[in-house]
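Q: Can you walk me through this one? I'd like the fold first, then some single residues.
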Amino acid sequence: QVQLVESGGGSVQAGGSLRLSCAASGRTFSSYAMAWFRQPPGKEREFVAAIRWSSGDTYYADSVEGRFTISRDNAKNMVYLQMNSLKPEDTAVYYCAARAYHSSSYVPSKGEYYGYWGQGTQVTVSS
């Protein structure tokens, strides 16, 4: 059983920064890729950023490119999301997701490619 636990959410004013963390644990945890998704109030879940565990290749949604940075600590099984220049439209519940295995069809921005999800952490950005 793999568990993902997010932390670091909170309330911040527009222009501010937050750093989200996701701790992965489990008896035989190994990861091919990890990602952050978010669900704004009243909207569908959307992709934010992803990182391939071994290569460190990163992927970002256009809406966060240049403002958010995803990173990982392989030794600690942690993934982070540094969020700068936050905007009110970044308000959402942020979810950490993990994919355990390689797939030639893997698409980083598609939620269906991730088999493990955290419980989410709320980020609120006020204007």
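A: One term before we start: contact here means heavy atoms within 4.5 Å. The model is a predicted one.

Q: With that term, what share of contacts between residues at least 6 apart in sequence join residues at least 24 apart?
A: The share is 57% in this chain.

Q: How many helices and strands are there?
A: Zero helices and eleven strands. Along the sequence the pattern reads β-β-β-β-β-β-β-β-β-β-β. The radius of gyration is 14 Å, close to the 14 Å that the globule rule gives for 127 residues, so the chain is as compact as a globular protein of that length.

Q: What does the C-alpha trace span along its principal axes?
A: About 40 × 25 × 25 Å.

Q: And how much is buried?
A: Buried residues are 46% of the 127. The accessible surface of the chain is about 6500 Å². Carbon and sulfur atoms account for 44% of that surface.

Q: What about the core? Which residues have the most contacts inside the largest nonpolar one?
A: Met-34, Trp-36, Val-79, Leu-81, Met-83 and Tyr-94. That core has 37 residues.

Q: Which elements give two or more residues to it?
A: β1 (2–7), β3 (18–26), β4 (33–39), β5 (46–52), β7 (68–73), β8 (78–83), β9 (92–99) and β11 (121–126). As a general point, nonpolar side chains tend to be buried together in soluble globular proteins.

Q: Take Val-79. What is it in contact with, leaving aside neighbours within four places in sequence?
A: Leu-20, Ser-21, Cys-22, Met-34, Trp-36, Ile-51, Trp-53, Ile-70, Ser-71, Arg-72 and Cys-96.

Q: Switch to β1. Which residues are on its covered face?
A: Val-2, Leu-4 and Glu-6. The uncovered face of β1 has Gln-3, Val-5 and Ser-7. In general, side chains alternate between the two faces of the sheet in a regular strand.

Q: Do β1 and β3 run parallel or antiparallel?
A: Antiparallel, joined by six bridges. Gln-3 in β1 stands opposite Ser-25 in β3.

Q: Now the loops. Where is Gly-15?
A: In the loop between β2 (10–13) and β3.

Q: Buried or exposed?
A: Gly-15 is exposed, because its relative accessible area is 53% and the cut-off for exposed is over 50%.

Q: What does Gly-15 touch, beyond its neighbours within four places in sequence?
A: Ser-85 and Leu-86.

Q: How far is Gly-15 from Tyr-116, C-alpha to C-alpha?
A: They are 31 Å apart in space and 101 residues apart in sequence.

Q: Back to Ser-85. What is its phi?
A: Near 50 degrees, a positive value in a residue other than glycine. Ser-85 is in the loop between β8 and β9. Ser-85 is partly exposed, with a relative accessible area of 41%.

Q: What about phi for Asn-77?
A: About 55 degrees, also positive, although Asn-77 is not a glycine. Asn-77 sits in the loop between β7 and β8.

Q: Why is Asn-77 called partly exposed?
A: Its relative accessible area is 22%. Buried needs under 20% and exposed over 50%, so a value in between is partly exposed.

Q: Last one: Ser-103. Which loop?
A: The one between β9 and β10 (116–117). Ser-103 is buried, at 17% relative accessible area.

Q: Which side chain does the Ser-103 side chain have a polar contact with?
A: That of Ser-105, at 2.9 Å.

How values were computed:
Residues are numbered from 1 along each chain as its sequence is written. This is a predicted model: local features need pLDDT of at least 70, side-chain atom pairs count only at pLDDT 80 or more; totals for chains, interfaces and linings use all residues. Side-chain values use heavy atoms; hydrogens and water are left out. A nonpolar core is a set of buried Ala, Val, Leu, Ile, Met, Phe, Trp, Tyr and Cys residues joined through side-chain atoms within 4.5 Å. Buried means under 20% relative accessible area, exposed over 50%, partly exposed in between (1.4 Å probe, protein chains only). Helices (H or I, at least four residues) and strands (E, at least two) are DSSP runs, numbered from the N terminus. A polar contact is a pair of N or O atoms within 3.5 Å; within protein, one must be able to donate a hydrogen and the other to accept it, and residues adjacent in sequence count only if both atoms are side-chain atoms. The radius of gyration is taken over C-alpha atoms; the globule rule is 2.2 Å times the number of residues to the power 0.38. Accessible areas come from the Shrake-Rupley method with a 1.4 Å probe; for residues, only the protein chains shown count as cover. Two strands pair if DSSP finds at least two bridges between them.
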